[in-house]
Amino acid sequence: MPQIAQLAETYSSQIFWLLIFFGITFFVIGRGMVPKVMDTVALRDKQISDDLASAQAARDAADDQEEAWRKRENENRAAAQAVIAKAKADGAAKSEKKIAAAQKRLDKKLADAELRIAEARSAAMAEVEDVAADATQDIVSRLAGAKVNKAEAKAAVKEALSHG
């Protein structure tokens, strides 16, 4: 085989070119490109960690703002409830005053009406007594043929009404 026979003659030149090629490759890639790639990866890792840190800081700030907002809303809600309770109490007090005033007016009207009823009853009773006394005089004169004066007839009617 002629290829194996040539190996001894070209062995040293192939190793030489192999070392030259790997040396150039080492210096170009290993010393030139790899540090740049590593720097880029490190920069990317730093950027990612910085982004994560800023995102966490933003989340913490948002949580703090949300907590402050919730606290403010709870305070506002409590203040609103206090205002509502005060308004209800004021409304109830005003309503109670109006109801009391209306009740006083109604009580006065009722007392006036009761007084008028009592006066009307007294007047009616007096009228009934007069009519009864007149009827008594008429009945006695027709049935008995006797004359009874008005005062005696009224006295008899009063006595009959008080027993009756």
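1. Buried denotes a relative accessible area under 20%, exposed over 50%, and partly exposed the range in between (1.4 Å probe, protein chains only). Lys150, with 40% relative accessibility, therefore counts as partly exposed.

2. The model is predicted: local features need pLDDT of at least 70, side-chain atom pairs count only at pLDDT 80 or more, and totals for chains, interfaces and linings use all residues. Residues are numbered from 1 along each chain as its sequence is written, and side-chain values use heavy atoms, with hydrogens and water left out.

3. A salt bridge is taken as a side-chain nitrogen of Lys or Arg within 4 Å of a carboxyl oxygen of Asp or Glu. Asp134 and Lys150 form a salt bridge through their side chains, at 3.2 Å from N to O. Asp134 belongs to helix H1 and Lys150 to helix H2 (residues 150-163), so the pair ties together parts that are 16 residues apart in sequence. Helices here are DSSP runs (H or I, at least four residues), numbered from the N terminus. Asp134 is partly exposed, at 35% relative accessibility.

4. Within helix H1 (residues 2-143), Arg70 and Glu66 are four residues apart, which means a separation of about one helical turn. Their side chains meet in a salt bridge of 2.6 Å, N to O. Arg70 is partly exposed at 42% relative accessibility, and Glu66 is partly exposed at 36%.

5. Lys86 and Asp90 also lie in helix H1, four residues apart, about one turn of the helix. A salt bridge joins their side chains, at 3.1 Å from N to O. Lys86 counts as exposed, at 52% relative accessibility, whereas Asp90 counts as partly exposed, at 35%.

Notes: Helix = DSSP H or I, 4+ residues; strand = E, 2+ residues; numbered from the N terminus.
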